[in-house]
Amino acid sequence: MTQSPPISILLHPGDNVEIALADLKTGAELSQSSVTLTAPVARGHKVAIRPIAAGQSVLRYGQIIGVATTDIKPGDHVHTHNLGMSDHRQNHDFSKDAKPLPPASDSRFFMGYPRSDGRFGTRNYIGVLTSVNCSGSVARFIAEQAEKTGWFADLENVDGIVPIVHGSGCGMGRHDEGYDTLFRTLAGYAKHPNFGGILLVGLGCEAMQVEDLVGAEKLRHDGNFHYMTIQNSGGTRQTVERGVDIVRDLALRANQAKRVRAPASELIVGLQCGGSDGYSGITANPALGYASDLLVRHGGTTILSETPEIYGAEHLLTRRAINDAVGQKLVDRILWWENYTSVRGGEMNNNPSPGNKRGGLTTILEKSLGAVAKGGTAPLTDVYEFGQIITQKGFVFMDSPGYDPCSVTGQIASGATLIAFTTGRGSVSGYVPSPCIKLATNSTMYENMAEDMDVNCGTIVDGAVTIEEKGREIFDLFLEIASGTKSKSEALGFGSAEFVPWQIGAVM
């Protein structure tokens, strides 16, 4: 006789809630505690399995996710109506749990583009990068006209001509944090190994001056770089004509690049989640964490980000820091965010979003505990500012907002050549020049949005596979996508609207 799949799951022996794995009706009996539901509960949501008095902590993953705001009976739905934020401060215990992972016993490779600075690209695009919003349309005109030409159709090794446009670059201070952040972002894209050549286009009078970006040193070691301003090139039409000629030269040179066998240690993967739900911390995030550990064991690099979405769980990372200095770097970013939101009348618990809450997440503490699982168990080797070039191998953290397009923009500027993105509600974005792999947290959403999702991690709770098996599948897909196979978001043409630099400071 076939056994029915469980309808709920207890994630830790110390938890006082179980998680529904299906839409449950009043009277349903939970799988592990045998508690009877007092009200209907949607899949991904929490059910109390013991009495929880008002003011008492609610535990998930064996960690505090908030306090009961009223008395909660066994079988009650636990969510925004009876669960609130609590004093979540934990001892950072720098380096307490920093245990090196054993090296991989095998050698794994991908087919990548070797670059003159020693890095390897997973794609070979030509970028038309803008210093300011005012040159955005001209950059699009250049890219569109170049791709319509006959010579472009004959290029076998160039993936496309991409306009990288944004809404900033002027109306800003030139000696503040916002300027420095945008500068790092644009410079990081200009140097990125997934670009075989870059044309930088400015207007001429903006705050973010092209000459400052170019600087005394070359932005690209390979020299396949050119820059121009519209005001010095005779206006729109002449800039576009000249720009198309320049892009042709850049593309012909980039087309000479060939993929070669590269060790997995040369891969840099940005770890992201968006549209999270109650399944995220159970399926896709821990499976991605296992894949992250596999890549680190092979000598590669993974980047966790979204600082507001590790809030309340940062102690799990500081305890894995390789030394006190790295742990303190992360604490300093948390303190920066607390001040950043406070002076603007906000609060860190503004996250989760309405969609996250519909999926079963209640507080930022709960969301953060699930989000941190993407980072596996590897030691934290360093902490970086937004868009700062990654120089350390292993598992690292890059400071960013929780807003997905902005966070991924920073990771790519920092050097991520591949993005792995978990989603429970169904995020569909993609990111040029780095391919994005979408990992669905639950089978229902995966089946509904199969054309957008690369991997179904819902099979973990369905009982078909283990977290470790799914993690190995994701790791294998890293190498396959890095070698040229298109991800679902690439095949659909995503990437033209997702370059979103982080704007800090006043727009003047």
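Analyst: We can begin with the term needed for the angles: those under 35 degrees count as roughly parallel, those over 145 as roughly antiparallel, those from 65 to 115 as roughly perpendicular, and the rest as oblique. Please keep in mind that this is a predicted model.

User: Which term describes how helix α6 and helix α13 lie to each other?

Analyst: Helix α6 covers residues 284–297 and helix α13 covers residues 467–482, and their axes, which come within 7 Å, cross at roughly 55 degrees. Angles from 65 to 115 degrees would count as roughly perpendicular and those under 35 as roughly parallel. The two helices, α6 and α13, are therefore oblique.

User: How many charged residues does the contact of α6 with α13 have?

Analyst: On the α6 side the contact includes Pro 286, Tyr 290 and Leu 294, while α13 contributes, among others, Glu 468, Lys 470 and Arg 472. Sorted by class, the contact of α6 with α13 has eleven nonpolar residues and one polar residue, and the number of charged residues is three.

User: What is the handedness of the crossing of α1 and α5?

Analyst: Helix α1 (residues 136–147) packs against helix α5 (residues 236–254) at an angle of about 50 degrees, with the axes 9 Å apart. That angle makes α1 oblique to α5. The residues of their contact divide into seven nonpolar, four polar and no charged. As for the handedness of the crossing of α1 and α5, it is right-handed.

Technical notes
Residues are numbered from 1 along each chain as its sequence is written. This is a predicted model: local features need pLDDT of at least 70, side-chain atom pairs count only at pLDDT 80 or more; totals for chains, interfaces and linings use all residues. Side-chain values use heavy atoms; hydrogens and water are left out. Axes are lines fitted to C-alpha atoms, for helices over the stretch in contact, and angles run from 0 to 180 degrees between N-to-C directions. Helices (H or I, at least four residues) and strands (E, at least two) are DSSP runs, numbered from the N terminus. A crossing is left-handed if the near helix is turned anticlockwise from the far one by less than a right angle, and right-handed if clockwise. Ala, Val, Leu, Ile, Met, Phe, Trp, Tyr, Cys and Pro count as nonpolar, Asp, Glu, Lys and Arg as charged, and the others, Gly among them, as polar. Contact means heavy atoms within 4.5 Å.
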